[in-house]
Structure formats: structure tokens, C-alpha cells
Amino acid sequence: MKSFIIKTILASLTASILLLAVTQKADAKIIEQERSLYQNVYMVEEYGMHCMRFRKKNKNDLSQSCIFLDAPEIFVFDYYKQAMGVTFFVEDPKEILIIGLGGGVLANTFGELYPEAHITSVEIDPVVAKMAKKYFSYDDSKPNFETHIRDGRVFVKRALKDKKRYDLILLDAFNSDYIPEHMMTKEYLEEVKELAKDDGIIMANTFSTSDLFHHESATYAEVFGPMYQINFKDKKTNRVIVVSNKELPGKRELLKKANQMKGVLQIYGVDTLALLDAISDEVNWDTEARVLTDQYSPANLLK
Amino acid sequence: MQILILACAFTCGFLIMTIELLGGKILSPYFGGSVYVWGSIITVFMLALSIGYLLGGKLSLNNPNTRKYGIIFMLAALTVVPLTMGHVAVSEWVFDFTEDPRYGSLLASTILFLIPTIILGMIAPYSVRLLVRTTHSSGQTAGFLYFVSTLGSAGGTLATSFYLVLWFKIDHILYGSALILFAIGVIAFFFPQPPLSARTVSTNEKAE
């Protein structure tokens, strides 16, 4: 018994040393780290990229935001590309709201795509916003940018009360570790829906794996009815949902719009036709899945 | 008798933490899920429990018996009902005029949780009074009571955060808690035995 315990301890020690060696060997360098109220925020330089992370571990999918140092306009993540699908649904949005600034990649991109637009970004973590400014050239001193350090749901409720309305709302508040459960409920989506103008478009960057996929899809369907999902077939971790207050355009209209956007999106490394292909209105979730509400929202337990 | 009171104290500890944990879920749509929302909730619960301990101890001076003990449980149950029915309205009302989510969450949790938790806090010292037989063993009795009720709290925390929120709606858990509290109150109220321990203690004390 005793020797078994010693063996186990030795084995786990060796394992952790090996693990340490592997992590050390990788080409990652922490250039800045800061503890915030919510998490450890790490800025990492690796493979010619700057990445923001909330964990030290060296696994690519844990990065929240990344940009290439020598080509900052090229998207690192597929989900940024998927998110560009929403440009097929809007016509020169004037008021854009982003819930979950992160590195500010989406805010910057939409600022470039629609220079006339006013872009309001909400981020709960002031350290994340600070890193966005320092490493991702997010610049909210420009007159058409504003940043609010606030809980997304609280912001939405307050904005509704203040009678604000938006043409385009991007929901991007989740990371792979933890989901703010009060921001994945029917009531929250109803508030967001009300915050969008009559012809407003709402886009959400969400999960495509685990049970949560079904619950979340059922919740969106409950609030908005029909929806489009954007998901590159071979990539599994993220999908983008597009919903609206009005009827969503058909594929043919999207094709027209995609052709218009082709040149612009090429700059970011987006293949417009592949993106159009990735857009689907197929009901691929379990429609019987229980809808998440403020009363029932165990999102982190369903993950 | 002893077992009954220990079981009551265990359940009380369990349900206090059930309600406290649900507090976070109740307030987060209005004030977020940040550390200060939890700070508000925990502050209110600690404050309420401290007041409850004081009042429960005071109440136990005057002819302690299991009927009164049962009434405390029933009262607690009755205060959980308006909490369940009114938490949305109260949160909305507070949100309307409180810009700062720190004070919003503090005010809302005071309105919602202070009174039920004060009453739940009265149970522990009252239980001690019903259990204590001699001054000599009073420390041990109190210690054992704390052990049992805090074990209940640990159980309530785990059960609620791991399972109950996965199985039930918040309001159903709250109504369930009220029902259990009321049932315990009724059982304690009709518990046939006369307040034996209370008498034993007074005679013992006289003897010393």
C-alpha cells in the first residue's frame, strides 16, 4: 500500500515536471500580466502574434484575442471571420453596440468597415480594456468610439431605460472557461431584442459543442424565431448566430451582399464565398431542449 | 427530542445557504454577477444572522419550549414566500433609481433577505437552549449544535450550486424551502414531549 502511494506520488511528480518542460519549451513569452477583479490577464507573444489570455496554460483555444504582429489586419481566429458574416445582413449601421470588448478586434474592424458608425463597447474587466488599448490598438479617444466598464446585462437594462437603440448588436461576452449565466437567458435576449431598432440585427458568438449548444439554440429560437448560424464545417468550437427583429434575408440576398463585401473583407483574410457557404438556417439542435431563463440558468453546469 | 432539534438545526443551516446562493442568481440580472454583488449578499446574511442570534438568545430566556421553536420555523417559512413572489419587482424597483450596482445590490438584498435571515438566525441559539442540560456540558452542547448546523450549511451550499439549480427553477427551490421550514415548524409545534430539557436545566441550576 505504502509503496503504491510513493509510486503514485513519484509518477505524478515526473508527469508535472515533464508537463512543465513542455510548456517551457513552447515559443510563448508572457510580456505582461495583471490580476484583475475577475481573472488573471496575460499578454503573450508567440508565433509572431500578440494574444490575450486568462490562463497561463499553453493551449491555443484558451486565447481570448490574438493579432499577428506583422499583419494586424489579418484575422487569427475563425470566429472573427465567421463574425464578418453579419456584414451581409446590415446596410451601413449607424449605432453599433458590442457586449464584450475583449481585445477590441471586432470593435476595430467594424470601426474600419463602417467609419460613419458610432461604436459603443461594454467590457466588465478594466484590465482587459487596458490591454486592448495597449496591445490591440483599440482607441476609444476617437469621437465615434466609447467604452463602458460594466456588466453587459446591467448596461443593456440601463440603455433600455435611457431609450437607446442600436442598428447592430454584437454579443461576445463568453469565454471558454466561464459563462456569465445571467447573459444566456431568455429574459436577457428579450432585453437585447428590444434594444435593437426595428430593423436591427443581433449577432452572437457562442458555443457549438456540449449540451449547452442545444439549450442555447432553443433559447434563441424561443426569443427570435428563425435564425442563421455561421460555422465553418471543420471547425467546432465557436459558431456565430445571427437573428433579427425583422424577417431575415434569404440566401440569394446574402449572396448579393457577399459580392459587395468581397473586396473589403479580403483585406482581413476572409474568403467571402467560404463564409457564405458557412451560413445556414438549418435547425440542427434539439428543439425540445429546455429554454434557459433567469429562473433556470445553469449554463456552466451544462457546458 | 434531541434528534428532532438537531435535525431542525441541520435543515435550518442547509436552507440558509440555499437561499443565500440563490440570492446571487436573483440579483445578477439587475446588478451583475460581480464580487460586490456577492459582497452585498454575504454582508446582509451575516448582519441578519448576527441580529437573529441576539434575538433568538433573548427569546430563549423566557419559558423556552418546542412550541415557540416551531413557531420560529413557521414564521421563517412565511417570510420566504413574499421574498419568492416579490424579488423581481423589488430588484426592478431598486434598479430604477440606483445607478451604482454596488449600492443597488446592497439595498435589494437588504429588502429581500434581511428579515427571513434574521428569523432563521434565531433558530441556532434557541436550539442550544432546548438542548442544554447542565451548565457543565453547555459548551459541548453548543459546539455540537454548531457542528450540525454548519454541516447543514455545507450541504446546502453544495446541493444548491451543484444540483438544485440544474434541476429546478429558482422560485420552485424557494417555495420548496418555505414548505420544508413550515413542515418542520408544524412537527416541532406538535411534538408531544413537554419542554423537558428546559425544566431539567432550571432544576439543575437550582440544585447547584
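A residue is called buried if 20 or more other C-beta atoms lie within 10 Å of its own, exposed if 12 or fewer, and partly exposed in between, with C-beta atoms placed from the backbone. By that rule, 43% of the 303 residues of chain A count as buried.

Hello everyone! What we have here is a predicted model, where local features need pLDDT of at least 70 and side-chain atom pairs pLDDT 80 or more, while totals for chains, interfaces and linings use all residues. Residues are numbered from 1 along each chain as its sequence is written, and chains are lettered from A and ligands numbered from 1 in the order in which they are written.

Chain A has 10 helices and 12 strands; these are DSSP runs numbered from the N terminus, helices being H or I with at least four residues and strands E with at least two.

Now, which residue pairs touch? Two residues are in contact if their C-beta atoms, placed from the backbone, lie within 7 Å. Between the chains, 13 residues from chain A meet 15 residues from chain B. Helix α5 of chain A, residues 152-161, gives the most to chain A's side, with three residues.

Next, M203(A). Leaving out residues up to four places away in sequence, M203(A) touches A83(A), V86(A) and L170(A), among others.

Finally, chain B. Helices α1(B) and α7(B) pack at an angle of about 160°, with axes 10 Å apart; axes are lines fitted to C-alpha atoms over the stretch in contact, and angles run from 0 to 180 degrees between N-to-C directions. The two helices are therefore roughly antiparallel, the word for angles over 145 degrees. Among the residues of α1(B) that meet α7(B) are L4(B) and C8(B).

Note on methods: Parallel < 35°, antiparallel > 145°, perpendicular 65-115°, else oblique.
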